[in-house]
Amino acid sequence: MKKFVVVFVAFMFVVGLCSTLVAQDRLDTIKKRGALIAGVKDSTPGFGYVDEKTREIVGYDVDFVKAIANKLGVKLQLKPVTSASRMPQLVEGNIDIIAATMTKTAERAKQIDFSYTYFFTGQKFIVKKGTVKSLADLDGKRIGTAKGSTSEQNAAKALPKATILSFDDYPQALLALQQGKVFAVTTDESILANLLGKAPNKEQYEIPDIQISDEPYGLGIKKGEKGFVDFVNKTLLEMEKSGEAKKIFDKWFGPNSPTPLKRGNFKITADK
Amino acid sequence: MQTGLDFTVIWTNITYFFIGRFPHGALGGIALTLYLAVISCILSFIGGLFLGLMGISHNKIIRYLSTAILNIIRGMPLLMVIFWMYFLLPAMMGGNVNESWTVIMALTLFTSAYMSQIVKAGVEGIPRGQTEAALSTGLHPWQAMIYIVLPQGLRNMIPSFVNQFVSMIKDTSLAFIVGVSELTHVATQINNRTIIYPTEIFFFIAVIYFIICYAFTSLSRWLEKRLAWRR
Amino acid sequence: MLKYQFDWSVVTSGKYFEWLLSGLYTTIQLSLVAIVFSFLLGLVIAMMRMSNAKPVRWFAHGYLEFFRNTPLLVQIFFWYFGSYKILPTVINDWLNKTNFEFGAAVIALTIYTSAFIAEDIRSGVRSIPKEQLEAARSSGFSYVRSMQYIILPQAVRITIPPLINQFLNLTKNSSLAMTIGVMELTYQARQVESYTFKGFEAFTAATLVYVVLSIIITLMVTYYDKVVLSPMKAR
């Protein structure tokens, strides 16, 4: 039997090597296909979620890739991804671009390329009102978040004694909080605010002013697609200039939206 | 948090439960669950036939190979098979594999292993005398298998195939993990949006799965009786 | 294009190796607990299924059909997220203080598997000649006692191979517990992937563990079949 295991592993190895073959310019592929395939969240209110009436995925992230698809003159095709599945999906070529509340990190930048920051937020917590005054109140507790997210890794760093429970997506973590299964839910403030905005009995919860990290979001693109990255960055800058970026922000997070956030002095600019 | 059960969440989302984003977007929900199950079932029948026949081959190496494949597949959780496919298929196909196909391939590979056992048992259930008779009339062993043994064996296998189809329907729920919008995924999406109705939503889809699976289980039992009767 | 660089050291030593190891430990723990409970519950359901009292028999029948014909994943979600509405608050509060994700996984695996085990036991019992039960009853044993001392010990012996297969399935099925945050082997393999992007190595390690585990158990069953069961049947 051992022999077969060896053969099996060797086979898998060869298959793995094959993956390094075949290269083509993404921009050409997209134009030829006539569609931009974007990986978006489908359960993150505000950024990418299914609208109850139209049954379509909508949100801040979706509007950005829609603008890029329009600029390219192709259709937009959305694929739901999770925090854990988005990078493998991109690297394996199933999607052209990630627009899924993804924080730019040095670790991730080794695997994929990022566009300029198109959204800026920081990681905070949702807790039952009045239970948390400082970060110390959270240590040693059970904290819910989503698999494969930076939130998970930041929380583990900031709260070494806490038990971090990772769910498939943030709403499940919120559900666990509502049912008392976790003490707090942690992720980016923008996501938390939207989660809370949608939640019933939201008056029982709050987001205390405890921030454990900065979270600049970038669109993810496969490594080595310089043409495509440049195109996306150019489009982002144009959107900022024309005011479209601000319009999208206001649509989802402006003063009249269900979850107002402050854009402050954030503007899409070229990274240094 | 106890508020009593409120099933209105089911009715307001009923279209989504049944067909997902179709016709404006991809097919989903129950329709996709059935689609995945039917396609994978057909493919794994073919796969199972191959593996099963390999398992009763006279060639030692082929038999050996089939045992190895069987042991590896049956030793793995289906979830692991799905992750492997998810990981390897795009690599082998040079990118851009539809997730539905990832899941179909995983289900096919996984179920073929079980189907092959059914094929093997079905063929072995046919008296050897039949093969011998066929061979003595000058048929090649493969011809004897295809024209004489398999058709009879297949009839005995039908109930087991239907049972396997039921397992398949249940297994499609794992497609949720790679973001294929079948029934379970659709249910978690709705649950994620509405947040306070998990009991109603998961109970509802459990009942839906039950109705579908039970119908086929009953069919399999009926077939078993009917086919056994005629023999 | 990105070249995939193999780095097996990720899964053979250091922090990530420890993650996988702790995942394996949780898998074994979860499986063993669920195996014990599902066997006991399966035994009870099987006896209820063969009971003379109609309501009891019907209940067991409904139980079997419902839980066998519903996906395990849905059952796991139901117990973890859905049960809080149908349980009293006191129990919910108590559950939440414990590792409820582990508990919910045990409950789901136990109930799901017990339905299959009950059917295996029942067909084991059916293979014991009816006269044995009648003989036991006529010599003064009650139904439960004659089951306990005469029928079940024989039935269980015959049922052992299918039972072990169910236990093996249970162990593999325990991987679904990752969806509710139980840090078992598959969860950890995925975790290693998302931290290191070395999915290939992580999945290979986890797959090897599962396959080796299953091959060992399959060999044991084959041995049992040959050495214990065949002589018994021949008798």
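**View 1. A:Lys124 and A:Asp209 join their side chains in a salt bridge, with N and O 3.0 Å apart.** This is a predicted model, so please read each view with that in mind. The two partners come from distant parts of the chain, 85 residues apart. A:Lys124 sits in strand E8 (residues 119-128) of chain A, while A:Asp209 lies in the loop between strand E12 (205-206) and strand E13 (213-217). Is A:Lys124 buried or exposed? A:Lys124 has a relative accessible area of 8%, so this residue is buried. A:Asp209, by contrast, reaches 69% relative accessibility and therefore counts as exposed.

**View 2. A:Glu240 meets A:Arg263 in a salt bridge, at 3.0 Å from N to O.**

**View 3. B:Glu99 and A:Lys79 form a salt bridge whose closest N and O atoms are 3.5 Å apart.** This pair crosses between chains. On one side is B:Glu99 in helix H6 (residues 99-124) of chain B, and on the other is A:Lys79 in strand E5 (residues 75-80) of chain A. Both B:Glu99 and A:Lys79 are buried.

**View 4. A network of salt bridges links A:Arg26, A:Arg33 and A:Asp96.**

**View 5. Chain B is built from ten helices and zero strands.** From the N terminus on, its elements run α-α-α-α-α-α-α-α-α-α. The C-alpha trace of chain B spans about 75 × 45 × 30 Å along its principal axes. Of the 231 residues in chain B, 55% are buried. Among contacts in chain B between residues at least 6 apart in sequence, 72% join residues at least 24 apart.

**View 6. The surface of chain B exposes about 10,000 Å².** Carbon and sulfur atoms supply 68% of that area. Chain B carries 14 positive and 8 negative charges. How far apart are the mean positions of these charges? The mean position of the positive charges and that of the negative charges are 12 Å apart.

Conventions
Residues numbered from 1 in each chain as written. Chains lettered and ligands numbered in written order. Predicted model: local features only at pLDDT ≥ 70, side-chain atom pairs only at ≥ 80, totals over all residues. Heavy atoms only, no water. Salt bridge = Lys/Arg side-chain N within 4 Å of Asp/Glu carboxyl O. Helix = DSSP H or I, 4+ residues; strand = E, 2+ residues; numbered from the N terminus. Buried < 20%, exposed > 50% of the residue type's maximum accessible area, 1.4 Å probe, protein only. Contact = heavy atoms within 4.5 Å. Areas by Shrake-Rupley, 256 points an atom, 1.4 Å probe, with all protein chains shown as cover. Lys, Arg positive; Asp, Glu negative; His and termini not counted. Charge placed at Lys NZ, Arg CZ, Asp CG, Glu CD.
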